[in-house]
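Reader: Please take one part of this model and look at it closely, setting out how its residues are placed and what lies around them.

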Amino acid sequence: MKFHPASLALLFMPSMVAAQSAPPPAPEVAPLSLENRTALRCAAAFAIIADGQARGNRKSLAYPALGQRGREFFVRTSARVMDDTGMDRTAVADVLRAQAQGLQVDGERGREIDQIMPACLLLLEASGV
């Protein structure tokens with residue numbers, strides 16, 4: 001059986017199209033530094049406390065108001081982590097979600113937040129937010 005060059009092109013066309021339409025390789029992501037991990041953990045803690053404050057939770061209201069400053073710290077930290085590591089928004093959101101879940105017990109604020117908040121509040125002050 002003799003192949004015509006056009007037949008060969010048709011034979012390999014599906015793999016050529018697949019190769020052309022494949023998404024570009026994901027950018028290389030640097031590991032999270034201790035500074036970035038700490039800031040993300042604090043950002044998650046601030047979000048939990050701010051949510052509790054908005055709900056009128058007595059324990060959360062014992063902390064300084066974190067609605068505006070906590071949100072700004074959260075945004076700046078997320079942007080810095082993306083710049084430092086090459087992570088995209090989804091990856092940073094996944095890390096923040098995991099941090100928040102680790103700081104909650106059965107959907108409620110866990111004791112660990114109370115343990116880390118003094119250091120996180122210092123970090124917030126040092127950030128200038």
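Author: Just after helix α4, Gly86 takes a positive phi of about 85°, in what is a predicted model. Within α4, the buried residues are Gly70, Phe73, Thr77, Ser78, Val81 and Thr85. Seen down the helix axis, these buried residues fall within an arc of 130°, so they line one face of α4. Gln68, Arg71 and Asp83, by contrast, are exposed, and they lie on the other side of the helix.

As for the surroundings, the buried residues of α4 pack against three helices, namely α2 (34-54), α5 (89-102) and α6 (111-127). The bond joins Cys42 to Cys120 with an S to S distance of 2.0 Å, and the count for the model comes to 1 disulfide, taking sulfur atoms within 2.5 Å as the rule. With -80° about the S-S bond, the link of Cys42 and Cys120 is left-handed, and both of these cysteines are buried.

Notes:
Residues are numbered from 1 along each chain as its sequence is written. This is a predicted model: local features need pLDDT of at least 70, side-chain atom pairs count only at pLDDT 80 or more; totals for chains, interfaces and linings use all residues. Side-chain values use heavy atoms; hydrogens and water are left out. Buried means under 20% relative accessible area, exposed over 50%, partly exposed in between (1.4 Å probe, protein chains only). Helices (H or I, at least four residues) and strands (E, at least two) are DSSP runs, numbered from the N terminus. The arc is that of the directions from the helix axis to the C-beta atoms. Contact means heavy atoms within 4.5 Å.
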